[in-house]
Structures are given as structure tokens and as C-alpha cells.
Amino acid sequence: MEKFDVIICGSGSAGLSAALWLAKYGIRSKILERRDGPMKMGQADGVQCRTVEIFESFGVSEELLREAYHVLEVSFWADNGTGAIKRTGRTADTAPGLSHQPHVILNQARINGLLIELMQKYNDQKIDYGYNVVDLQIDTSASSSDLDAYPITVSAERDGKIEKFAAKYVLGADGAHSTIRKTLDFKMEGDSTDSVWGVMDMIPRTNFPDFRKKSTIRSKAGNILIIPREGDNRNLTRFYIEIGHGTNAKDVTLEDLQNRAKSILQPYDIEFVETVWWSAYSIGQRHADFFHKDYRVFLAGDACHTHSPKAGQGMNVSFQDGYNIGWKLGEVLTGLASPSILETYVLERRKTAIDLINFDRYFSKLFSSGNTTPAEFQDGFIQSGKYTAGLTAKYDLSSITTSGSHLASKIAVGMRLPSTQVVRYCDSKPLQLMSRLISDGRWRILIFAGDLSVEENRAKLDTIGSYLTSEDGPVCTYTPPSNDIDSLMELIVVGHGKRHDVELEQIPECFYPVTSKNQTKDLHKIYYDDESYNKGHGHAYEFLGIDPKEGALVVVRPDQYVSAVLNLHEYEEIGKFFGGFLISQRGLRCQTFGDIKAVL
């Protein structure tokens, strides 16, 4: 029986994002997918701002943004009291300052394709198609007593034959009808309503003026959400159409959807030139009662949460489930972190799933309620914008998330680090700070040291750097000896004021260490909150709520979520923090900063 560190059941968004992380760590997974080949036409299409940020961190946002439809404006339409609709308002799709990335539309099949291509690039990770998972067995005694054991057996049918595989860990990302969830006897908690919606991707011929904008239409005949689609045909459009109560989704026909759309759009005319895909469904909001078994088997994506698609959350939340657990499995399996870190996946993503279900109930009611005025609906829709952008997830206290601090009033511990423009010191290039936090498995320690032309601030920075990179400091303690010194923890300085007032030699060498096979100094770790030549001033300290006179230390996880915000004098707390879950490499050779030395 073949053995694998991780078996991933399903190659949807959750499975692929986890597999992509593991490939980045050099770990080959066994990905079992029941389809005969890659997805050709996915149902999901909305890519929220947070997901685009993650694609940027993996280095594939340019392809995504080039091919996608960019959602920039939302128009609101409602009945004018005579049975005809009129426009009642417009708003930006994403409020200014929420993210440097837009909300876009791209078919899930293409999104998955980008991830598959990247997986193969990292470590030639492939998907095993045509495998239908039929059973899972776990040796509970071995799973708890022997961390190196392969206590899980996954059985899958292919071409009429049953094959069995052993695994240390299994990720059940096999959809709403998850076999993994059923074999564990986990239940889905929640309910379904009798509200039925239809969806169709089609090419309209219409005089309705806003069909190439994201639009909401609420009329006496029902409600429609319009989503323009990407692609060479610039008129391809998605309609979500409310059918109403008391209808069986299985009885709905394409003609029913088309007739309902014609009634809702009055007084505008519409013909359906071509329908590419359509479906009908009843709304249900459920989440699994358990998300893991022995912290060896985990559920992700639709296997542990289902909801309506109108808010565009399904693919995105699923993707972020995999993004959350992938790097944690990577650190455990490469010997960097204790398996206890996996407990945070359940803590964090179960809460996220429950929040998603509650939001979906609110959002569905907002759409369907006949008692909401156009102004109330528009206000509710706009207020939901931060959630639908994917920027409200806040993780509770754990071994990798500490308590908050007043030192950075606009940085919330447990949430993704807000992005703002800074200027890179070495070449004066303006860029978004988040764009530097690439998904490569590194923790970031951001030192907001204030004005470095002030001697006192330079002395503080030198003290912090000396501790972090000392023989007993966290960098040398936890970094594998065969790796670059910045491979696990990257130290990043963000100064304030005029960058040209400070020379490089005034900044400690630990902030531009010798790395890579060429053993050259990396100057790309020093940034300034300063005026750029062509893109203005980012005012990063103000945007993040940091007083330049006090400064702050910000510890950021590999997934761009904030673990801690500390005073510049609390630098030793960083060592205590990492000591809670990382595995010491002490006693092995450690490469120091600047010159290369051996530390025994």
C-alpha cells in the first residue's frame, strides 16, 4: 500500500489551494479526483478582493486580472410603483481603501487551471483523475501516539477496482456530498428554505442599459442579480433569478427562467440569443458539526459549509480554507512546527464557516424581502461590501494569534494585514507592502522603526536586530541550518520620513542579509513611508494607525494574517511567541547575517 504524507480528496478550490502550499514546501500530495479530467465549466465565478490578493502572493495575479472581468460599479434598480423598474442608485463595488486588488469575475475552471499550472511548476504535483473515494478508516490509537505513523487508509475505486492508500493526514475537500464527511459520520447542521433561485449564463439582446454592470433588480415580479462575465464575447452575462416560494427546483425549466427575467425587467425588452449554462436550486445554509477527526482528517470547502451563491463566497471561502491549512501542514511535515498548530485550522475556519452561514442568511433575506425599501436595500448592500470582499475574517486567540495592541490602531490582530503603499529603499520603487508578503512559507517580522535619521531610533533598530539574529534569538534557533537565514523568518524594516536622509551603512546588516546560492546581500527588505516619484505618498504609518514616534513590531503569519503587535521594547516577546509552536534547530550549524560563520 502506497504511503503519502497528505491525501487530498477533491480538486476544487479548497483542495488545490492546500496542494499548492504543500507543493511550495516540496511535499507531494496524493490528489484523488472523481472527474476524468480537469474542470471544463465551473459554476462559481466571483473572485473577491482577498482571493486576488492571495493569487498575487502566489505570483499569478497578472494572468487572473488580464483574463477576468473587473467589477467596478454596482447599479441598483427597483419598481417605480407602476410595475416598471427604474435605477435608484449606483456605488463603487469595492469601497476605497479596502484592498489594492479589485473584485473580478473569472470562471472557476480557469481559476483551477492557474492553480494546477503553478502546482506543476513548483514540484510537478499532479492530480489523479478518475478516483472515486469510497471509504476512509483511521487507526485512532496510532494517530495520537505516533506522529510519524500513517494511521489513515483511504479506499478509492477506479476502473472497477478498489485501491488503498495510507496517509499521515487527509483533507476532505470532496464537495457538498462529501464521502469523507459521511464515513466519519459527521452531520451538516442548519436548514434550507423554500426559496428557489435560478441561474443562467447567456448572451442577451436587450435595451436594458446596465447589463454590463453588476446590477440588482427588485420588482414586484421578482428579483434579479446581474453579473457580467469575462471572455471574448463581451455580452456574456449571468442572471441570478428569484423564482419564489413553493416551487420545486427540479421542476424549473429554462423557459421559466427566461419568462421570469422578461417580467422582472419590464419596461425593458430582452431576448436570449444563446444560453451557455443554467440551473435552479433551493437555498440552504449548513455547516458540519465537526471539522476534524483526531486532527489527522480535516474537512474543507463545501464538505463543511454550504450556502447560496449570490454573495459570491463559496469558491472564495473554500479556497481560503485550503490556504489556511496548507501552510500549517507544510510546516508540520517539514519539521518546522509542532502538530499542535493544526488545531488552529479548526478554531479559525469553523468560526469563519459559521460567520459565512449567518451572513448568507442575512444577505438572502435582504434580496428576498419585499418590505425593504430601495434605500434600505442599497445601504445594506453597501454595508456588506467589506464582508463580500473577503476582508472581515478575524481569528481568535491561539498559539499563533496573540492579544491586540493600541500601537497600530488600524491593524487588527487575527486579521489580514491591511495593505498600503510604501517605497522600497534600494531602488525607490513604490509598491504595496502586502505584495512583498509572498506565499513562500515565511513569517514576517515588520519593524516600524520611525525616522531612522534619528540616532535613538537607529539604536532601537540595532537592538532589535541584534536580539532577533543572535545565536539564542528566534531566527537562528528555528531556521534549518541548510536553508538561507531568511527562509523561515524575514525581517522587514519600514522607516518613516525622508529615505534619502539615511545611508545604507546606518542600517544594521541583519536587515539586508547574505542569501541565495550566489551569497549576495538582499537589499529588498527595507522600505519607507515616503513620497514616491510618480505615485504620490502612501502615508503608511497613518493608514495603519502607527505613531512614528512610538513605532511598532508586527508579526505576520505566512498567510498574511497578523499574529502580534508589540512595542519596540518588547522584542524578546517574539522569541517567546515562536517558542510556543516552532521546533528548535538548536545544536545545528546556523548561518549568521553579513559574513558567513558557523555557530555550534
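## Surface and overall build

The protein exposes about 24100 Å², and carbon and sulfur atoms supply 46% of that area (Shrake-Rupley method, 1.4 Å probe; for residues, only the protein chains shown count as cover). Keep in mind that this is a predicted model, where local features need pLDDT of at least 70, side-chain atom pairs count only at pLDDT 80 or more, and totals for chains, interfaces and linings use all residues. Residues are numbered from 1 along each chain as its sequence is written, and side-chain values use heavy atoms, with hydrogens and water left out.

Counting secondary structure gives 15 helices and 28 strands (DSSP runs numbered from the N terminus: H or I of at least four residues for helices, E of at least two for strands). The radius of gyration is 26 Å, close to the 25 Å from the globule rule for 600 residues, so the protein is as compact as a globular protein of that length. That radius is taken over C-alpha atoms, and the rule is 2.2 Å times the number of residues to the power 0.38. Along the principal axes, the C-alpha atoms fill a box of roughly 75 × 60 × 40 Å.

## Inside the fold

Of the 600 residues, 59% are buried (under 20% relative accessible area; exposed is over 50%, partly exposed is in between, with a 1.4 Å probe and protein chains only). Look at contacts with a separation of 6 or more, and 72% of them come from residues 24 or more positions apart (contact means heavy atoms within 4.5 Å).

As for charge, there are 67 positive and 78 negative ones, and their mean positions are 3 Å apart. Lys and Arg count as positive, Asp and Glu as negative, while His and the chain ends are not counted; each charge is placed at NZ of Lys, CZ of Arg, CG of Asp or CD of Glu.

## A covered helix

Helix H2 runs over residues 49–58, and ten of its ten residues are buried. Among them are Cys-49, Arg-50, Glu-53 and Glu-56, along with Phe-55 and Phe-58.

The buried residues of H2 pack against helices H1 (13–24), H3 (61–67), H4 (108–123) and H8 (314–333), plus strands E3 (46–47) and E7 (103–105).

Ser-532 sits in the loop between strand E26 (526–529) and helix H14 (540–544), and it is buried at 6% relative accessible area. A polar atom of its side chain lies 2.9 Å from the backbone nitrogen of Lys-535, and the side chain of Ser-532 also reaches the backbone oxygen of Gly-536 at 2.8 Å. Setting aside neighbours within four places in sequence, Ser-532 is in contact with Gln-421, Val-423 and Pro-430.

Thr-515 belongs to strand E24 (514–515) and is buried too, at 7% relative accessibility. Beyond four places in sequence, Thr-515 is in contact with Asp-484, Asp-486, Thr-520 and Asp-522.

Most residues other than glycine have a negative phi, and most peptide bonds are trans. Gln-266 and Pro-267, however, are joined by a cis peptide bond with omega about 15 degrees. Pro-267 lies in the loop between helix H7 (254–264) and strand E16 (270–288).

Asp-294 has a positive phi near 60 degrees, in the loop between strands E17 (292–293) and E18 (297–299). Tyr-295, found in the loop between E17 and E18, has a positive phi of about 50 degrees. Both count as partly exposed: Asp-294 at 27% relative accessibility and Tyr-295 at 30%.

Conventions. Polar contact = N/O pair within 3.5 Å; in protein donor to acceptor, adjacent residues only side chain to side chain.
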